[in-house]
Amino acid sequence: MRKRAFLLLTAVLIFLTASCSGRETDTQLTDSVSSVQEDETMTETKPETHPETEPEPDILGELIAALSLEEKVGQLFLVRLPENGIDRAVSEYKVGNFILFANDFSGLDKNEAVNKIASLQSQSDIGMLIAVDEEGGNVNRVSKYPSLRESPFPSPSALYKKGGIDAIRADAVEKGAFLRSFGINLNLAPVADVSTDPKDFIFPRTVGQDAATTARAVAAAVEGMNAAGIACSLKHFPGYGNNADTHTGIAIDERPLSSFRENDLVPFRAGIEAGVGTLMVSHNIVKCMDPDRPASLSPEVHCLLRDELGFDGVIITDELSMGAILEYTDGKSAAVAAVLAGNDLLCVTDFETQITAVIEAVRNGTIPEERIDTSLRRVLKLKKMLGLI
């Protein structure tokens, strides 16, 4: 009580002093009395208060809501660059992404190639994914030309033999920077297939080592290209093994699921953990997962990828006009089946047929529009990460 009396007396003296000098005193008195009250309750803990924060705007959701059905569907296609009618592909069919092959760079110098890709980007309000297959070795689309690079990128196996995992990582960084300098933002590599037999169709495109070493190489390649600011893609899920070339016909894989889990899936898991943005599914029929459909058209294979491996990025089909798919579908239904299976980005050449088929499937209820929106969000998220949105 003595302390309280002393503090009250001090407050009064402050009040009288202020009054003598002719200054306003209400605030000072209130503050002084408040200080006395706070002194008495200084042992009480007052709950912290935080101003309510506005939730971050859903930029992708707002963009999706603003797009027409045609624009949404067009964003889900990775179209082989046509020789003619590129402007029509974008304006009429709303194509949102292109893949370029070696012939698209033939005869060009660096400036011409850069301008060609910049011209593509200028035709779309939403930035495009511009993809190539620059695996190294016998699959190089850009570096094969001396006018664009002094020498082609070496194969993964040659890199590993020369400098191990460090060489693969350094190559990926250099490759990513090289492609990015052209305006290319998606490299459909590295090959994550496990192959140790030179007789295998896929062997020349792999690191040529066992599952554990392949996994380390794949993770290094993903990390390198991510560091260079370019997206990359693991392929060909769930693992090619010693199967035949699906460019020319159906390949049927008879191996048990245990073989995949112990061997083929190991590099894919490593690449996913390293932060890969996209993953390509093969056209092989893998009987232990789905005996009736190619992996690219199989919901079961996609569920394995999403649920067991935890991949939440963009799933890409291999080219839907390859022999394996043409044997299995009537052509028009390929893209529709691919969407229903769970793919996000459809790699096609005959975009007029495939885009039209998907739009019609949404309109007649075969494909729910929500299914389109789910894949669209994944594609747009990748584009946002690449600075395209």
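Modeller: Before the contacts, a definition: contact means heavy atoms within 4.5 Å. Among contacts in the protein chain between residues at least 6 apart in sequence, 71% join residues at least 24 apart.

Colleague: What kind of model is this, and how are residues numbered?

Modeller: This is a predicted model, in which local features need pLDDT of at least 70, side-chain atom pairs count only at pLDDT 80 or more, and totals for chains, interfaces and linings use all residues. Residues are numbered from 1 along each chain as its sequence is written, and side-chain values use heavy atoms, with hydrogens and water left out.

Colleague: How many helices and strands are there?

Modeller: The protein chain has 14 helices and ten strands. These are DSSP runs numbered from the N terminus, with helices (H or I) of at least four residues and strands (E) of at least two.

Colleague: In what order do the strands of the open sheet run?

Modeller: Eight strands form it in the order S9-S7-S5-S4-S3-S2-S1-S10, with parallel pairing; two strands pair if DSSP finds at least two bridges between them. S9 (314-317) and S10 (346-348) stand at the edges with a single partner strand each, so one side of each has no neighbour in the sheet.

Colleague: Which helix packs on the sheet?

Modeller: Helix H9 (residues 257-273) does, touching S5 and S7 (278-281).

Colleague: And what of the pairing of S4 with S5?

Modeller: S4 (residues 186-187) and S5 (residues 231-237) pair in the parallel sense over two bridges. Leu186 stands opposite Ala231 in S5.

Colleague: Turning to H14, which of its residues are buried?

Modeller: Buried means under 20% relative accessible area, exposed over 50% and partly exposed in between, with a 1.4 Å probe and protein chains only. The buried residues of H14 are Arg371, Ile372, Ser375, Leu376, Val379, Leu380, Leu382 and Lys383. They lie on the same side of H14, because they cover an arc of only 160° around the axis, the arc being that of the directions from the helix axis to the C-beta atoms.

Colleague: What does the opposite face carry?

Modeller: The face of H14 turned away from the buried side carries the exposed residues Glu370 and Met385.

Colleague: One last topic: where is Glu352, and what is it in contact with?

Modeller: Glu352 is in helix H13 (residues 351-363) and is partly exposed, with a relative accessible area of 29%. Leaving aside neighbours within four places in sequence, Glu352 is in contact with Arg88 and Tyr93. The C-alpha atoms of Glu352 and Tyr93 are separated by 7.1 Å, although the two are 259 residues apart along the chain.

Conventions. Axes fitted to C-alpha atoms, helices over the stretch in contact; angles between N-to-C directions.
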